[in-house]
Amino acid sequence: MRLLNHCTALSLLVCFTFFQSCKKDKNDPAVEEPSKTGSLKLSFENMFGTEALSFGKNYVNLNGDTVKISKLNYYISNIVVTKDDNSTFTESNSYHLVKHSASGTGIITLNEVPTGAYKSIKFMLGVDSARNVSGAQSGDLDPVVAADMFWTWSSGYVFFKLEGTSPKSADVNKALEYHIGGHGGVNKAQRSFDLSFNGTTANVSSSTTPHLHLKVDVNQVFTAPVALDLSVDYRVLSPGGRSKKIADNYSDLISFKSLDN
Amino acid sequence: MRFKLHIAFLLTAFTLISCTVDPTVSPVVNTNELSEIVPESWPQPVYNFANNKISAEKFTLGRALFYEPMLSIDNTISCGSCHQRGAAFANAGHRVSHGVTKDGVELEGIRNAPGLFNLTWHPYFMHDGGINHIEVQPLGPITNPIEMAETMPHVIAKLQASAKYKTLFKNAFDSDEITGERMLKALAQFMGLMYSYNSKYDYVKRGKSKFTEPEKKGYDLFLTNCNACHAEPLFSDFKFRSNGLPARAGVVDHGHEIISRDTLDRNKFKTPSLRNLEATAPYMHNGCFETLEECLDHYTNGIDALANPDPLLRNRLVLNADEKRFIIAFLNTLNDREFINNKRFDEEK
């Protein structure tokens, strides 16, 4: 009899679960526990030198060349934030496509971050090799979202895409086109960033969401370690040595800007 | 036991009540027929469905997508247009295939559509090996401007506007959200389940049949002359090699070099399987030969020294007319009529 009761209870539980699973909204405030986590907001602020990046505007890069930007897309992945006690929080399924638009900012919100004071952030510009060789992916790696950022004839994600024009380009339309990727081997184009918050901490709690501002300076792409000669390197559309050269240049693309608690 | 049944019944009943299923879509194929197959003594496949659980509903969706002309920009070309079941999913009678029509001109490719079977053993796809996974393979032809000339956002928008696909996706994924990932998983499942392992050769290997004398002689000659590249039991080593085909007038195709950017890979293409040759003519990556006799004559007399031929072919094969006939007799034991005639892979009418 007790067994029967258990089974009836289990049946009801199963039924209940099924009803729940078909509901659109899975959040049930009644069962919410006092939160030990919070959120951290990241802004990838696209700039050209000290100015906010605007499409269609003429900029002079550090080599003295005039450039105009019309497209800027890149992947940020594998985000890890480190607390002042050196414990870390790793975002799961951490793949974000940032597309520059009129708002000029790529906002990524990390959720379910354990409460605490965070002093630094690590991430990758690009997509790790595993996700380039494991078939159809979801989220920002779904081939619909990534339609503009995936080579379909030689599988692999474009990690960084910068398009525009420069009078110095040897192209008939003066085009600049950098489609940078390559997930393995000597010419791999992912670059890792490890940025401290300059001695300050992002204090994550259930009630406050700190806002980290990161500077993404497109000017860096043209300069170091190799000053790009735009009459030669105006179009790089596939992985290889030339792609790696651009990737080396964007290894200092992103830096800490400021932090609001 | 009764209690378990009781729970199972309740579970089923409540699922049916709480998540209604559109009854207008015809019933799916029998689940019992659908499973991963690794024939005895075959190597482990590269793709094992671990992240793409096999179900009749997903197979049914994959089949609908495979025959779906909405995958092309002008809604005229489906995967099945160039990969036909009766041709072991090659393009019957076509040296190269036709793509969509642009500006009144039917576009034409430069390579022969390969047969599709035993794809889960392929470490990469396309003749040049450019695509690294069965799930992302369809992105190649869908977005190629001379094949289907589409974009994934547009294809998905078309599918999302279709009541039929809303239902098919819901059946397959328990939610009617139509994403690129889901579409590609379903297609991979349909194509990955195209197994061909029931040719006479396979029956001989299982001890259920016997080669005739010419077939046996041909098999021995095959092992000496062909198996180094067309390795049993898949009849491909999946390596990139040039078989010394002379370049076709007006066609530049450097094969695997396009992908590897290594001039040593010039004119190299993935070794094709020799299964189902009765259905897949014309032969070679560019469809230049109509018959198996022509193919063998190429290996004995036609290797072009300027086409970067594989070291194994530089001295050409030495085979007399009888030996060629025996090899062809053996090759004909690799035809799998059970596969070629399997209507499970046909478009649902």
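Where in chain B is the place of B:Arg261?

Tutor: The model is predicted, with local features needing pLDDT of at least 70 and side-chain atom pairs counting only at pLDDT 80 or more, while totals for chains, interfaces and linings use all residues. Residues are numbered from 1 along each chain as its sequence is written, chains are lettered from A and ligands numbered from 1 in the order in which they are written, and side-chain values use heavy atoms, without hydrogens or water.

B:Arg261 sits in the loop between helix H10 (257-260) and strand E4 (269-270) of chain B. Helices (H or I, at least four residues) and strands (E, at least two) are DSSP runs, numbered from the N terminus. With a relative accessible area of 41%, B:Arg261 is partly exposed; buried means under 20%, exposed over 50% and partly exposed in between (1.4 Å probe, protein chains only). Leaving out residues up to four places away in sequence, B:Arg261 touches A:Trp153, A:Ser238, A:Pro239 and B:His256, where contact means heavy atoms within 4.5 Å. Its side chain reaches the backbone oxygen of A:Pro239 at 3.4 Å. A polar contact is a pair of N or O atoms within 3.5 Å; within protein, one must be able to donate a hydrogen and the other to accept it, and residues adjacent in sequence count only if both atoms are side-chain atoms.

A:Arg191 is buried, at a relative accessible area of 13%. The side chains of A:Arg191 and A:Asp248 are joined by a polar contact of 2.6 Å, and the A:Arg191 side chain also reaches the backbone oxygen of A:Ala247 at 3.5 Å. Beyond four places in sequence, the residues touched by A:Arg191 include A:Phe123, A:Met124, A:Leu125 and A:Tyr250.

Among the contacts in chain A with a separation of 6 or more, 74% are between residues 24 or more positions apart.

Charged pairs come next. Side chains of opposite charge can pair when their charged atoms come close. A salt bridge here is a side-chain nitrogen of Lys or Arg within 4 Å of a carboxyl oxygen of Asp or Glu, and the whole structure has 29 of them over all chains. One of these joins A:Asp148 and A:Lys71 at 2.7 Å, N to O. A:Asp148 is in the loop between helix H2 (129-132) and strand E9 (150-151) of chain A, and A:Lys71 is in strand E4 (residues 66-83) of chain A, so this pair ties together parts 77 residues apart in sequence. A:Lys71 is partly exposed at 25%, and A:Asp148 is partly exposed at 27%.

In chain B, B:Glu348 forms a salt bridge with B:Arg63, the closest N and O atoms being 3.6 Å apart. This pair links distant parts of the chain, 285 residues apart: B:Glu348 is in the segment after helix H14 (337-340) of chain B, and B:Arg63 is in helix H2 (residues 56-66) of chain B. B:Glu348 is partly exposed at 36%, whereas B:Arg63 is buried at 6%.

B:Lys200 and B:Glu215 also meet in a salt bridge, at 2.8 Å, N to O. B:Lys200 lies in helix H8 (residues 200-205) and B:Glu215 in helix H9 (residues 213-225) of chain B, so the parts they tie together are 15 residues apart in sequence. B:Lys200 is partly exposed at 26%, and B:Glu215 is buried at 12%. Elsewhere, A:Asp65, A:Lys168 and A:Asp229 are joined into one network by salt bridges that share partners.

H8 and H9 are also among the elements of chain B that the buried residues of H13(B) pack against, along with helix H11 (277-280) and helix H12 (292-302). In helix H13 (residues 321-331) of chain B, the buried residues are B:Lys324, B:Ile327, B:Ile328, B:Phe330 and B:Leu331. They fall within an arc of 155 degrees seen down the axis, so they line one face of the helix; the arc is that of the directions from the helix axis to the C-beta atoms. B:Asn320 caps the N-terminal end of H13(B), with a side-chain oxygen 3.1 Å from the backbone nitrogen of B:Asp322.
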